[in-house]
Amino acid sequence: MLTELEALDYKKIFYYFSEIAAIPHGSGNVGKLADYLERFAIERNIRYVRDTADNLIFYKNATPGYENEPTLILQGHMDMVCEKEAGSDIDFIKDGLTLKVDGEWLKADRTTLGGDDGIAVAYCLALLDDANAKHPALELVITTEEETGMDGAKALDGALLSGRNLINIDSEEENVVLCGCAGGARVTGLLPVERVIAGGRIVKVTVSGLFGGHSGAEIDKNRTNAVRFLARYLFMLREKVPFLVEELSGGQKDNAIPRDAKATLLFPEDISAEDILSAQALAEAMTEEIRAAEPDATLMFLPEDYVEELPVMHPRSFEKFLFLLLQAPNGIQVNSAEIPGLVESSLNLGICTMTSEGMELHWSLRSSKASYLQFLKEKLIYLIGFLGGDYEVSGEYPAWEYKEESKLREVYVTAYGEMFGKKPEVATIHAGLECGLLGEKIPGLDMISIGPEMKDIHTPAERLHIASAIRIYQLLEKILADKGKL
Ligand SMILES: [Zn+2]
């Protein structure tokens with residue numbers, strides 16, 4: 001453990017955070033951390049379950065005097081998103097992280113920190129290790145594979161839990177308590193592409209410099225989708241001058257708004273200087289149009305060499321592909337009438353890529369209303385099928401709907417007020433949390449989601465506010481120790 005961090009530690013939360021950080025635990029690679037957690041339980045004689053998905057559940061009896069209090073569930077996930085800066089040579093499969101204290105923040109050396117959600121695991125271990133803690137019967141649940149589809153929570157057996165109050169520790173704002181989240185699904189569409197051989201002048205078209213961002217949290221920020229922007233450019237360009245298309249691609253993750261995209265065009269009759277100017281003028285007009293929201297956007301039209309033979313999309317195939325890119329719904333579909341400022345339903349075309357079978361498109365769909373999510377899914381599938389394509393739906397998870405009445409929320413808001421002298425913000429988010437799945441498995445479950453202050457999660461700039469991590473732990477201690485509230 002870092003000496004600097006040791007000096008700041010509170011009841012071993014940073015000690016355990018350091019232990020966790022030393023064990024590789026990216027999504028898909030959590031076996032070693034699950035082993036560590038299992039050993040932790042065995043060495044201390046703690047009752048536990050490790051299921052087939054490597055989820056760990058620890059059971060801790062109520063401390064004397066708390067036997068009549070209702071059982072409380074604390075929950076987080078053990079897997080982390082592994083991202084590193086270009087200069088880092090870490091191997092996330094076998095190397096631990098290098099922690100460092102940077103002013104008020106805990107960071108990792110040029111990598112994600114895994115504060116999301118290692119801090120929840122550290123809290124649970126610190127609590128299990130604290131012989132003086134006062135609390136009702138506890139069920140501490142550490143799930144796996146949250147970041148890649150919530151497979152741990154999906155596999156969890158609800159019958160292993162008897163508590164009906166659950167605090168999810170997977171949020172990143174100290175002054176916010178989350179009480180609802182969107183559900184989601186992924187839709188992949190595959191449009192078959194027929195190819196023909198043609199010759200002519202190659203032109204590369206590229207879109208770059210867009211902000212991109214998270215397809216849930218940033219879908220309401222007026223960000224331009226690079227793939228759709230490029231498709232629109234080609235749609236308007238062909239009114240001026242005919243061309244064929246070899247490929248069009250962009251985006252890397254279904255849940256990120258694409259920041260760049262590129263296309264390779266072929267002009268069979270070459271292209272005149274006048275047409276080049278007109279194509280570039282169109283590019284300029286379009287980037288100018290989005291300048292206020294996307295100041296660094298560039299759209300380049302770059303004539304290159306001549307080729308004699310290039311397998312390009314048959315115009316019929318391209319037509320369908322372009323139609324789908326332009327006509328598929330994208331972005332915000334419905335704003336919430338119940339919670340002003342919240343996006344209720346949205347979708348994002350995150351990836352467009354060429355495979356040996358055709359053009360593959362990936363969308364991420366979100367809605368806090370199950371019925372609208374179903375509609376969006378079917379609408380996309382209808383469109384893809386209509387154009388002769390194939391589709392697949394995966395990664396579905398349910399919404400966690402906001403409840404007007406929540407005793408647990410009241411208890412949290414009151415305790416927060418007593419401790420910090422102000423009220424936390426009660427909010428819901430347009431992104432996924434495991435609470436939706438857990439709520440489906442455990443009837444009558446009351447839930448909140450909280451966490452200490454973290455910034456830039458899922459990026460190498462991820463950092464955890466040290467004092468905030470201590471404050472939220474102390475707040476949990478207070479909630480556990482207060483009797484007769486739930
Ligand atoms: Zn998380």
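## Basis of the description

Helices (H or I, at least four residues) and strands (E, at least two) are DSSP runs, numbered from the N terminus. The model is predicted, so local features need pLDDT of at least 70 and side-chain atom pairs count only at pLDDT 80 or more, while totals for chains, interfaces and linings use all residues. Residue numbers start from 1 along each chain as its sequence is written.

## Helix 3

Helix 3 covers residues 31-43, 13 residues in all. From first C-alpha to last it reaches 18 Å, close to the 18 Å expected at 1.5 Å a residue (the expected span being 1.5 Å times one less than the number of residues). Just after helix 3, N45 has a positive phi of about 60 degrees.

L33, A34, L37 and A41 are the buried residues of this helix (buried: 20 or more other C-beta atoms within 10 Å of the residue's own; exposed: 12 or fewer; partly exposed: in between; C-beta atoms are placed from the backbone). Viewed down the axis of helix 3, these residues fall within an arc of 105 degrees, so they line one face of the helix; the arc is that of the directions from the helix axis to the C-beta atoms. The face turned away from the buried side carries the exposed residues R39, I42 and E43.

The cover over the buried residues of helix 3 includes helix 2 (13-21), strand 1 (47-50), strand 2 (56-60) and strand 6 (138-143).

## Domains

An automatic or database assignment supplies the domain bounds: domain 1 is 3-182 + 400-481 and domain 2 is 186-397. Their centres, taken over C-alpha atoms, are 38 Å apart.

Methods:
Contact = placed C-beta atoms within 7 Å.
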